[in-house]
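Take a look at the protein shown here. We will go from the whole chain down to single residues.

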Amino acid sequence: MIYLDNSATTRPTDAVRAAVDLAMREGFFNPSALYAPAMAAEKEVRLCREAILKTLHFPGGKVVFTGCGTEADNLMISGTLASLREGTVLYTAGEHPAVKEPCLHAGSGITAKEISFDRDGRVDLEKLEGLLDSSVKLICVMQVNNETGAVQPLAQIADLRDRLCPGAFLHVDGVQGFLRVPFDMTKCRADSYALSGHKVHAVKGIGALVYGPRCRISPRLLGGGQESGMRSGTENTPGIAALKEAIASFPFEDVEKMRQCKIHLYHRIRELIPSAAVNGPDPEGDPSVSAPHVLNISIEPVRSETMLHALEGEGIYVGIGSACSSHKQKVSATLRAMGIAPKQAESALRFSLCPYNTMEEMDAVAEALKRHYDVLSRFSRR
Ligand code: PLP
């Protein structure tokens, strides 16, 4: 099997599985209880919070553990907008539904507006500037786009925010960037950051919202007051142990190798199928613009699903867009916002890598694509 759908989810590593096992066997105590083993469980939770803050260079920040990235995004967006009678919330054209939906379903006094993308799938800073005024209360921008791997210009966005609407919060959906693309919350002057365990070789069922002192978030879950009252419900200690281990053992030293694999895959595909077109920033271009793990390529005239299933027949798994929406969405909103022609968008495949992929796998995938392309393109309408 060759798995290139790591933006949908990742395989938990052996170290993560061992940490979960230990947390369930020996650390199963309720971290709110008062006896010593419970305090040890509570310490694990605290150490994970500290690891997250260290990774994000945000010493004064707070961490609330959630059930997933979606919940972290919802907590920040709905929890911030709930207390406002009026105002504007901005979100980029390529935001995941976890961000877009709570923006669109905020209270009746809140206006939601979309920030346009340029041809590479990055925020159009001029258009954004035109949207910023004192009515703006919250700006939501993803760190890395889940479909194209475009890294958003967050520092420039923070500069514009500081100049034109300093009171607005900047929320970063870091689900596709966490650990794979460095991020400094303090330098970037972001107010909040959402992350998800299952995208970084931890497990499903754990996410976190990181936020700074300016935020005023009203909790979405009321109850026993866990997580400093921000998210009632007994903490998912095995999930937190998994996330802590995933951070501790993440092979940062292999991120560059992963980028080289991505570039190799791109070269091999272009060599074998010269008409293949990249959707998103130049894979070989500025690393601060193109993430090391996502490559989106259209192979016209073969439709995405047809190629996806042809590859699946050989044990090769790739994506065609964001995993959560691929069942319902016809043409990706992100690709549409970039001005990609519908026919090109309908042939888009997303290859998303992890640091454990190899060059040999890239060769095998490019060669399989070529074989299927030669057959399928003859039967596809141009
Ligand atoms: N944000 C982005 C950019 C994503 O890609 C995803 C999932 O694919 C999410 C949020 C939601 O994360 P989760 O699956 O942990 O709810």
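Helices and strands are DSSP runs, numbered from the N terminus; a helix needs at least four residues and a strand at least two. Glu 300 and Pro 301 are joined by a cis peptide bond, with omega at about 0 degrees.

Now step back to the whole chain. Keep in mind that this is a predicted model. The protein chain has 13 helices and 12 strands. Its C-alpha atoms fill a box of roughly 65 × 50 × 35 Å along the principal axes. How does the radius of gyration of the protein chain fit that of a compact globule? A compact globule of 382 residues would have a radius near 21 Å, and the protein chain has 21 Å, so the two agree.

Of the 382 residues, 55% count as buried. The accessible surface of the chain is about 16,300 Å², and carbon and sulfur atoms hold 54% of that surface. Charges come next. The chain has 43 positive and 45 negative charges, and their mean positions are 3 Å apart.

How is the chain divided? Domain 1 covers 2–9 + 252–376, and domain 2 covers 14–249. The contact between them takes 33 residues from domain 1 and 28 residues from domain 2. The C-alpha centres of the two domains lie 27 Å apart. Among contacts with a separation of 6 or more, 74% are between residues 24 or more positions apart.

Zoom in on Phe 250. This residue lies in the loop between α8 (237–248) and α9 (255–272). Is Phe 250 buried or exposed? Its relative accessible area is 5%, so Phe 250 is buried, because buried means under 20%. Leaving out residues up to four places away in sequence, Phe 250 touches Leu 179, Arg 180, His 201, Val 255 and Pro 355. Val 200 is 50 residues away along the chain, yet the C-alpha atoms of Val 200 and Phe 250 are separated by 8.0 Å.

One of the residues touching Phe 250 is His 201. His 201 lies in the loop between β7 and β8 (207–211). Phi of His 201 is near 70 degrees, a positive value in a residue other than glycine. His 201 is buried, with a relative accessible area of 5%.

Arg 189 also has a positive phi, near 55 degrees. Arg 189 is in the loop between α7 (185–188) and β7 (192–196). With 30% relative accessibility, Arg 189 counts as partly exposed.

Notes:
Residues are numbered from 1 along each chain as its sequence is written. This is a predicted model: local features need pLDDT of at least 70, side-chain atom pairs count only at pLDDT 80 or more; totals for chains, interfaces and linings use all residues. Side-chain values use heavy atoms; hydrogens and water are left out. The radius of gyration is taken over C-alpha atoms; the globule rule is 2.2 Å times the number of residues to the power 0.38. Buried means under 20% relative accessible area, exposed over 50%, partly exposed in between (1.4 Å probe, protein chains only). Contact means heavy atoms within 4.5 Å. Accessible areas come from the Shrake-Rupley method with a 1.4 Å probe; for residues, only the protein chains shown count as cover. Lys and Arg count as positive and Asp and Glu as negative; His and the chain ends are not counted. The place of a charge is taken as NZ of Lys, CZ of Arg, CG of Asp or CD of Glu. Domain bounds come from an automatic or database domain assignment.
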